[in-house]
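Morning, everyone. I'll keep this brief. Here is the model for today.

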Amino acid sequence: MPRLNLDADTLLSTTRAVRKRLDFDRPVEDDVLRECLELAVQAPTGSNAQNWQWVVVTDAERRKALGDVYRRAFDIYEQMPQNAASIYDGSDPGRVAQQDRVMDSARYLADRMVEVPAMLIPCLNMRIDGAPNLAAASMYGSVLPGAWSFMLAARERGLGTSWTSLHLMFEEEAAAIVGIPFAEVTQLALIAVGYTKGTEFKPATREPLDTVVHWNAW
């Protein structure tokens, strides 16, 4: 499989949430997904528990069913007061425009989620409903680094990914689609995966670092 041969800093700064530039017509090979997952499970995990499970979905009927669930959830999210278009309450017109673009691309993906060539559902091998913050942070932190490693590995191989979680509004329904034992396993995300139209991506515009970093005290 050809690689982009990105240096670490470029890989980290250009791994974007890809929506409009996903190639819905090009399948993603199983062996490429396996390569990315082999790297994902090298990520650190709390107490070396390795209590992750990874559900890869390439079957067309299951992808369509999950896509339908996701689109229903997005329709609800779109009406929420804290959606991507309205979550920023500042006066920077550039940031306002950026948020509008995010919302527009998110709507695009929701409408075409049924066409995404591959999906990945990272899971935690237990339920954490109502867990105290310490336990929840530990459990989520045991899986999310691996999921991000998967997304970085995908970028290096010319794949785009988009982390989504709205399907969790209907988590039990999604579990039934792919046979996840809902009473025993927690889904953490639904990651859209596909080759990208072009492989050049730029760093995103972010708020100045000094507005979000605290040294020694808040």
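This is a predicted model: local features need pLDDT of at least 70, side-chain atom pairs count only at pLDDT 80 or more; totals for chains, interfaces and linings use all residues.

Residues are numbered from 1 along each chain as its sequence is written, and side-chain values use heavy atoms, with hydrogens and water left out.

Now the cavity. A cavity is a set of points, on a 1 Å grid over the protein atoms alone, where a 1.4 Å probe fits but cannot get out; lining residues have an atom within 4 Å of a point. Grid points join across faces, edges and corners, and volume is the space filled by probe spheres set on them.

The structure holds one cavity of 30 Å³ or more. Which residues line it? Thr14, Thr15, Arg16, Val18, Arg155, Leu159, Gly160, Thr161, Thr196 and Phe201. By class, that lining has three nonpolar, five polar and two charged residues. Strand 3, residues 159-164, gives the most, with three residues.

Next, the fold. The chain has seven helices and five strands; these are DSSP runs, helices H or I of at least four residues, strands E of at least two, numbered from the N terminus. In sequence order, the pattern reads α-α-β-α-α-β-α-α-β-α-β-β.

Last, burial. Buried residues, under 20% relative accessible area with a 1.4 Å probe and protein chains only, make up 41% of the 218.

Conventions. On a 1 Å grid over the protein atoms alone, a cavity is a set of points where a 1.4 Å probe fits but cannot get out, and a pocket is an open set with protein on both sides within 12 Å along at least five of seven lines; lining residues have an atom within 4 Å of a point. Ala, Val, Leu, Ile, Met, Phe, Trp, Tyr, Cys and Pro count as nonpolar, Asp, Glu, Lys and Arg as charged, and the others, Gly among them, as polar. Buried means under 20% relative accessible area, exposed over 50%, partly exposed in between (1.4 Å probe, protein chains only).
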